[in-house]
Amino acid sequence: MIITTRESNIQIVKSTLSNVINSLSNNMLSYGLGLMLLSQTNSAISFGIEMIIAPAVGVLFVIPIGNLVDKYKHKTVLIVSSLVKILFLLLFILSIDHFDGLYKMIPVIPFVAVNAICANISTVTYSASVHELVRSEKIQRLSSLTNAANSFSNIFAPVLGVSLYALFGFDIFILISIASSSLAFLIMLSLKFHYQTKENISNNIKEAASSQMQGFKEGINYIKKRRLIIDIIVISMFLNFIFSSMNIGIPYIIETELHIGTEPIGYLNTFNAIVLLLGSLFMNFLPAKKGTFLKIMIPVFSLGIEVLLLGTLFQNMDQLFSITLYGGIVSFFIGFSLAIIEVNNMVYLQKTITTEFLGRVMSILTTANRALLPIGSLIYTFLFNSITFGSYIFMGNGILCIAFGLSVFPELLKSVKKDHLFIKEHN
């Protein structure tokens, strides 16, 4: 079936609205959960409980989730995932107030685990179904707005979270999440998914590879045929690892080394989220069909220079105003570079990967990125505690990023050329 331009525009509005609602309520719930556990357990792990559980769940379920998304109608998978999430939210609000102190972990851990599974399923399924919702030339717009929705929630969730927690306590976050999930579910029901053919979908359902592992191996074999997909996954993992140093390092340097208070931390984090939003919106105006290689390499090199500048800034400045001003300028370019490479990579994969393998590839990419965040956080926590001047770590990361870009430059150029030939041969 042909998707009209008008229908694509309507679906973009609905999808973006659903993403904003889901992303904002999920981030608020995570923030409220951290505040509640902190007050109940007085443990620093309170804000890290999801960062530990979500990647672990992602690794454990990367194979079944990828196979699930590729074998069944995407709308059906999204419906079941949404209903399971709403059910566990209801169970969570009915049980959470029956526990106190450390015993709060009894209902929290199962809920966080199931919520992470549902989030992974929904994220992978949505990524794999974008081409079924809008015309090919509209995919970049939808992906950029999806990225913008996440950035929007990162800006406002902490502010709303602190205010609501102070006024109403933790239960209000669960109620908001139930209402938001239900509303997003209704919006999702109104979306029309244009599957390739009924025969193809039927075959995918009946295909049932001899085992979960066999289905996963088929996805791996497909990735091996397209070196560019491997390069994109490796580059995404590397940049996520480097970016984890900023999550740990910026607050540590400003608070512990420079002793200028926490105010600049809030400014820089907010500014970075705003720029990610602007960068995502900017991708609407870039041509989608040109410059695949440049859209990957330019942000990689620019991120290296920007992180190096951030380290130099922390090394030579120690005043609140100068750190906020110049740190904000550097954060602007960091956020812009990240937005460009994130949206570009996602759009390229969604537009060029065969439908029957898209779920497995997206599952691998999503899991690989999330799994590295806690590992990077642990490594950089150790480094910042061990090295006297944390600015040297940023400067080293900048040099490492530039060196990484130089090392992958020739191979990536070959991969892009080969991938374009592969796509032409199989279209």
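Trainee: Is isoleucine 52 buried, partly exposed or exposed?

Mentor: Buried means under 20% relative accessible area, exposed over 50%, and partly exposed in between (1.4 Å probe, protein chains only). Isoleucine 52 has a relative accessible area of 46%, so it is partly exposed. The model is a predicted one, in which local features need pLDDT of at least 70, side-chain atom pairs count only at pLDDT 80 or more, and totals for chains, interfaces and linings use all residues. Residues are numbered from 1 along each chain as its sequence is written, and side-chain values use heavy atoms, leaving out hydrogens and water.

Trainee: In which helix is isoleucine 52 found?

Mentor: Helices are DSSP runs (H or I, at least four residues), numbered from the N terminus. Isoleucine 52 belongs to helix α2, residues 49-71. From C-alpha to C-alpha, isoleucine 52 and proline 374 are 6.7 Å apart in space, and 322 residues apart in sequence.

Trainee: Is asparagine 344 buried or exposed?

Mentor: Asparagine 344, in helix α12 (residues 320-352), counts as buried because its relative accessibility is 6%. Contact means heavy atoms within 4.5 Å. Leaving aside residues up to four places away in sequence, asparagine 344 touches Met283, Thr292, Lys295 and Ile296.

Trainee: How are two packed helices described?

Mentor: They are described by the angle between their axes and the distance between the axes. Axes are lines fitted to C-alpha atoms, for helices over the stretch in contact, and angles run from 0 to 180 degrees between N-to-C directions. The axes of α3 (residues 74-95) and α6 (residues 171-190) come within 10 Å and cross at roughly 160°. Therefore α3 is roughly antiparallel to α6, a term for angles over 145 degrees.

Technical notes
Helix = DSSP H or I, 4+ residues; strand = E, 2+ residues; numbered from the N terminus. Parallel < 35°, antiparallel > 145°, perpendicular 65-115°, else oblique.
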